[in-house]
Every structure is written in C-alpha cells, then in structure tokens.
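Here is my note on the model, point by point. Please keep the structure open while you read.

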Amino acid sequence: MVAALSALSGAAPPLSGALSPLSGAAAPLAVPAVADAVVGWLWTVALFLFPGIVAAGLCAPFLAAERLRALFRALPPTGRLLPSYLGVSVGLSVPYLAGVVLTVARAAEAGPAWSSGFLLTALLGAVAVGLVAPAVAVFGLPRLGLDWDPTGYGVSTYLLLGGAGLWYAAVAAVPLVALAVGMALPGGY
C-alpha cells in the first residue's frame, strides 16, 4: 500500500505548487479591494456623523445651564455627559440627513427639484428638532422615569430647551438653505 501511495505521489504534481500561483495572484488584488471598501465605509460613516458633531460644537454653549447638563447625564450612558450629548446631537441630525438622501434619491436631477427638497428638509427638520425634541425631553422623559430637571420643570426649563432646540435647528438648516439657494440659481449646480 505504501508503494502504491509513493507511486501516486510521484506522478502527481505537488498541490502547494499548483495553488501558489493562484493564491499569489489573487491575494495582491484582494487587499486593495478590501481596503477600498473599508475606506468607503469609513467615509460614509464620517459623512453621516459630521453634521451632528459640528452641530454639537456649535450648540455647546447651552451646556452652561446645569439643567441641560443634568438632562444629558440622565440619558444613557447614565452619568456620562459627553457621550450622551454627542449621541443626542448626532441623533438629531438624522432627520436632516434622511431628507438630503431622499431628495437626492428621488429628485430627477440636480437643480430646482433638489432646491425644493432641501428647503422642505430644513423646514421639517426644524419642526422635528426645534419643537418635538424639547417636548419629548420635558414631557416624555419624566413619564419614562428619567426625572432630570433639578428645578422642577418650570417655564424657564421650557424656554431653555426650546431655545436650544431652535438654535440646533437653525445651525442644521443653514447649510441646507445655502444649498437650496445655490441649486435654484441658473447653473448653480
């Protein structure tokens, strides 16, 4: 039996030699393709996070109020101000990003159709962020057991949250309105 196996192994070429040119040629081609895919996904994630992070920076002066710091400390992860603040800021940018993606996907071509879509996104995003988000913070979170306002949810808390929400909405809407104006101009795209 050993003699038969020895004869067979001498007749056939070694398997490692037969596969090495194939794997050697495929490996260098696969690495750049995988790297390109990873870089593409990282750029996509960065583009989706960027508006929320910029808005977080521009809205940071509102964190001078202890009530807002208490709100973000009450949100998950509990007791951590910065991760909660950044998470909420990025989350509040989602209506704007979704509107831009829907406008680009559904409008036939760049120009007036994109312009009206960007204006509608700015308007609906402003309502969602400027009015709905503060209402959820004041009325919804305490009902869910997150009692975050040390002053007892007075009128000043409503005004502070409303002002912060409207400021965030304005910060997020300015680039969209600028894009809409540019798209509406002849040859603006």
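Leaving aside its neighbours within four places in sequence, which residues is Leu176 in contact with? Point 7 takes this up.

1. **Ground rules.** This is a predicted model, where local features need pLDDT of at least 70 and side-chain atom pairs count only at pLDDT 80 or more, while totals for chains, interfaces and linings use all residues. Residues are numbered from 1 along each chain as its sequence is written, and side-chain values use heavy atoms, with hydrogens and water left out.

2. **Overall layout.** The protein chain has 7 helices and 0 strands. Read from the N terminus, its elements run α-α-α-α-α-α-α. Helices (H or I, at least four residues) and strands (E, at least two) are DSSP runs, numbered from the N terminus. Of the 189 residues, 28% are buried. Buried means under 20% relative accessible area, exposed over 50%, and partly exposed in between (1.4 Å probe, protein chains only). The chain exposes about 11700 Å², and carbon and sulfur atoms supply 79% of that. Areas come from the Shrake-Rupley method with a 1.4 Å probe; for residues, only the protein chains shown count as cover. Now take contacts with a separation of 6 or more: residues 24 or more positions apart account for 66% of them. Contact means heavy atoms within 4.5 Å.

3. **Helices α4 and α5.** Look at α4 (residues 81-92) and α5 (residues 94-106): their axes come within 4 Å and cross at roughly 30°. That makes α4 roughly parallel to α5. The contact is made by Val90, Gly91 and Leu92 on the α4 side and by Val94, Pro95 and Tyr96 on the α5 side. By class, it has 5 nonpolar, 1 polar and no charged residues. Axes are lines fitted to C-alpha atoms, for helices over the stretch in contact, and angles run from 0 to 180 degrees between N-to-C directions. Angles under 35 degrees count as roughly parallel, over 145 as roughly antiparallel, 65 to 115 as roughly perpendicular, and the rest as oblique. For the classes, Ala, Val, Leu, Ile, Met, Phe, Trp, Tyr, Cys and Pro count as nonpolar; Asp, Glu, Lys and Arg as charged; the others, Gly among them, as polar.

4. **Helices α3 and α7.** The axes of α3 and α7 (residues 155-184) come within 10 Å and cross at roughly 75°. That makes α3 roughly perpendicular to α7. Arg67, Leu68 and Leu71 in α3 meet Ser156, Thr157, Leu160, Leu161 and Ala164 in α7. This contact has 5 nonpolar, 2 polar and 1 charged residues. The buried residues of α3 are Leu68, Ala70, Leu71, Phe72 and Ala74. They pack against α4, α6 (112-143) and α7.

5. **Aromatic pairs.** The structure holds 4 aromatic pairs. In Phe72 and Tyr85, the ring centres are 5.1 Å apart and the planes stand at 80°, so the pair is edge-to-face. Phe72 lies in α3 (residues 66-74) and Tyr85 in α4, so the pair ties together parts that are 13 residues apart in sequence. Phe72 is buried at 8% relative accessibility, and Tyr85 is buried at 7%. Trp148 and Tyr153 form an edge-to-face pair, because their ring centres are 5.4 Å apart and their planes are at 85°. Rings of Phe, Tyr and Trp (its six-membered ring) pair if their centres lie within 6.5 Å; planes under 30 degrees apart count as stacked, over 60 as edge-to-face, and the rest as tilted.

6. **Two backbone spots to check.** Most residues other than glycine have a negative phi, and most peptide bonds are trans. The peptide bond from Pro76 to Pro77 is cis, with omega near -10°. Pro77 sits in the loop between α3 and α4. Tyr153 is not a glycine, yet its phi is positive, about 60°. Tyr153 is in the loop between α6 and α7. Its relative accessible area is 17%, so Tyr153 is buried. Beyond neighbours within four places in sequence, Tyr153 is in contact with residues including Val138, Pro142 and Tyr158.

7. **Back to Leu176.** Leaving aside neighbours within four places in sequence, Leu176 is in contact with Tyr96, Val100, Phe118, Thr121 and Ala122. Leu176 lies in α7 and is buried at 7% relative accessibility. Thr121 is 55 residues away from Leu176 along the chain, but their C-alpha atoms are separated by 7.8 Å.
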